[in-house]
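Biologist: I would like to learn how features are read from a set of coordinates. Please start from the definitions and then go to the cases.

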Amino acid sequence: MYKFVLAILSCCIFPFAAAAQTYLTAENISYRDQGDRYAMSRCKLDVYYQQEKSGTPVVVWFHGGGLTGGEKFIPEELKNEGLTVVAANYRLLPQAELSECIDDAAAAVAWTFRHIADYGGDPRKIYVCGHSAGGYLTNMIGLDKKWLGKYGIDADSIAALAPFSGHAISHFAYREARRMKPTQPSIDEFAPLYYVRADAPPLIIISGDRELEMLGRYEETAYFWRMMKVNGHKETYIYELDGYDHGAMASPAFHILKNYIRQHTETRN
């Protein structure tokens with residue numbers, strides 16, 4: 001278990017690309033070819049990539065917003081770092097069912113596996129990441145293999161999962177819809193904890209300060225970390241960012257993600 005502050009992390013991060021590169025953004029690409037009007041309007045993604053570059057690591061980024069709000073964006077912390085970044089929207093509650101939100105996340109990742117080489121990304125180096133609700137979606141599609149399996153993709157092909165303060169129990173918006181209190185936890189088919197397994201992709205769990213996070217989020221994810229380890233998973237890591245609350249923790253968390261990608265890329269190369 002690790003506790004970090006930004007000053008320490010900043011000392012160990014090196015940019016992926018030292019030389020100046022030209023970056024482009026392809027916007028509002030549909031990752032579904034059919035669906036109702038709402039699905040077709042929300043199921044779009046942006047790709048941020050380097051011109052005339054190939055074989056780059058890829059980060060798929062899911063925004064937060066409690067599964068009821070939020071819009072896709074390319075995080076500033078991932079720009080000019082030698083990465084290809086996919087930022088995806090997904091359907092939101094209550095206009096959609098929770099299963100549709102998760103399915104959209106899986107469809108966006110499946111699109112990435114099939115098409116990212118066209119933008120210079122390496123499909124063998126796809127890292128799935130998200131903050132809050134996006135972290136929850138990251139956990140669900142990475143651990144419960146049926147979501148990506150529907151699209152012919154093995155979830156274990158993901159290079160790593162990096163949830164930033166993402167639920168490990170059932171999401172609070174889902175619990176509220178079932179008339180449960182926000183303080184009443186549940187672990188059912190919509191809880192990542194339900195699918196802990198030894199053969200999942202590497203898992204980088206990051207939370208804010210346990211005293212500043214939402215409703216015991218650090219302890220929730222710490223139990224997630226422990227149960228992955230108990231089940232025999234060899235590459236589960238947990239980080240607590242001292243002094244950062246639920247919203248502020250995302251920015252320093254990117255340093256952990258980028259450092260992991262850099263080390264992983266160097267090892268594979």
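Modeller: Start with burial: a residue is buried under 20% relative accessible area, exposed over 50%, and partly exposed in between (1.4 Å probe, protein chains only). Asp-144 counts as buried because its relative accessibility is 6%. Before going on, note that this is a predicted model, in which local features need pLDDT of at least 70, side-chain atom pairs count only at pLDDT 80 or more, and totals for chains, interfaces and linings use all residues. Residues are numbered from 1 along each chain as its sequence is written, and side-chain values use heavy atoms, with hydrogens and water left out.

Biologist: With which residue does the side chain of Asp-144 meet in a salt bridge?

Modeller: In general, side chains of opposite charge can pair when their charged atoms come close. The rule for a salt bridge is a side-chain nitrogen of Lys or Arg within 4 Å of a carboxyl oxygen of Asp or Glu. Asp-144 meets Lys-146 in this way, at 2.4 Å from N to O. Lys-146 is partly exposed, with a relative accessible area of 46%. Lys-145 and Asp-154 form another salt bridge, at 3.1 Å. Here Lys-145 has a relative accessible area of 32% and is partly exposed, and Asp-154 is partly exposed at 37%.

Biologist: How many salt bridges does this rule give?

Modeller: The count comes to 19 salt bridges. One of them joins Asp-103 to Arg-32, with the closest N and O atoms 2.4 Å apart. Asp-103 lies in helix H3 (residues 98–115) and Arg-32 in the loop between E2 and helix H2 (37–42), so the pair ties together parts that are 71 residues apart in sequence. The helices (H or I, at least four residues) and strands (E, at least two) are DSSP runs, numbered from the N terminus. Asp-103 is buried at 8% relative accessible area, and Arg-32 is buried at 15%. Both belong to a network of salt bridges that links Arg-32, Arg-91, Glu-100, Asp-103, Asp-104 and Lys-150.

Biologist: Which side chain makes a polar contact with that of Glu-81?

Modeller: A polar contact is a pair of N or O atoms within 3.5 Å; within protein, one must be able to donate a hydrogen and the other to accept it, and residues adjacent in sequence count only if both atoms are side-chain atoms. The side chain of Glu-81 makes such a contact with that of Lys-258, at 3.1 Å. Glu-81 sits in the loop between E4 and E5 and is buried, with a relative accessible area of 12%.

Biologist: Where is His-167 placed, and is His-167 buried or exposed?

Modeller: His-167 is in the loop between strand E7 (160–164) and helix H6 (172–177). At 4% relative accessible area, His-167 is buried. Its side chain makes a polar contact with the side chain of Glu-220 at 2.8 Å, and a polar atom of that His-167 side chain lies 3.4 Å from the backbone nitrogen of Phe-172. Contact in the wider sense means heavy atoms within 4.5 Å. Leaving aside neighbours within four places in sequence, His-167 has contacts that include Ser-132, Tyr-136, Asn-139 and Arg-217.

Biologist: What is Ala-168 in contact with, leaving aside its neighbours within four places in sequence?

Modeller: Ala-168 is in contact with Ala-191, Pro-192, Leu-193, Glu-220 and Phe-224. Ala-168 is also in the loop between E7 and H6, and counts as buried at 0% relative accessibility. From Ala-168 to Leu-137 the C-alpha distance is 10.0 Å, for a sequence separation of 31 residues. Leu-137 is one of the buried residues of H4; in this helix (residues 133–143), eleven of eleven residues are buried.

Biologist: How is strand pairing read, and which strands pair with E4?

Modeller: Two strands pair if DSSP finds at least two bridges between them. E4 (residues 56–62) is joined to strand E6 (residues 121–131) by six bridges, running parallel, with Trp-61 opposite Cys-129. E4 also pairs with strand E5 (residues 84–88) in the parallel sense over five bridges. Val-86 in E5 is the bridge partner of Val-60 and also of Val-47. E3 and E5 pair in the antiparallel sense over four bridges. As for cover, seven of the seven residues of E4 are buried.
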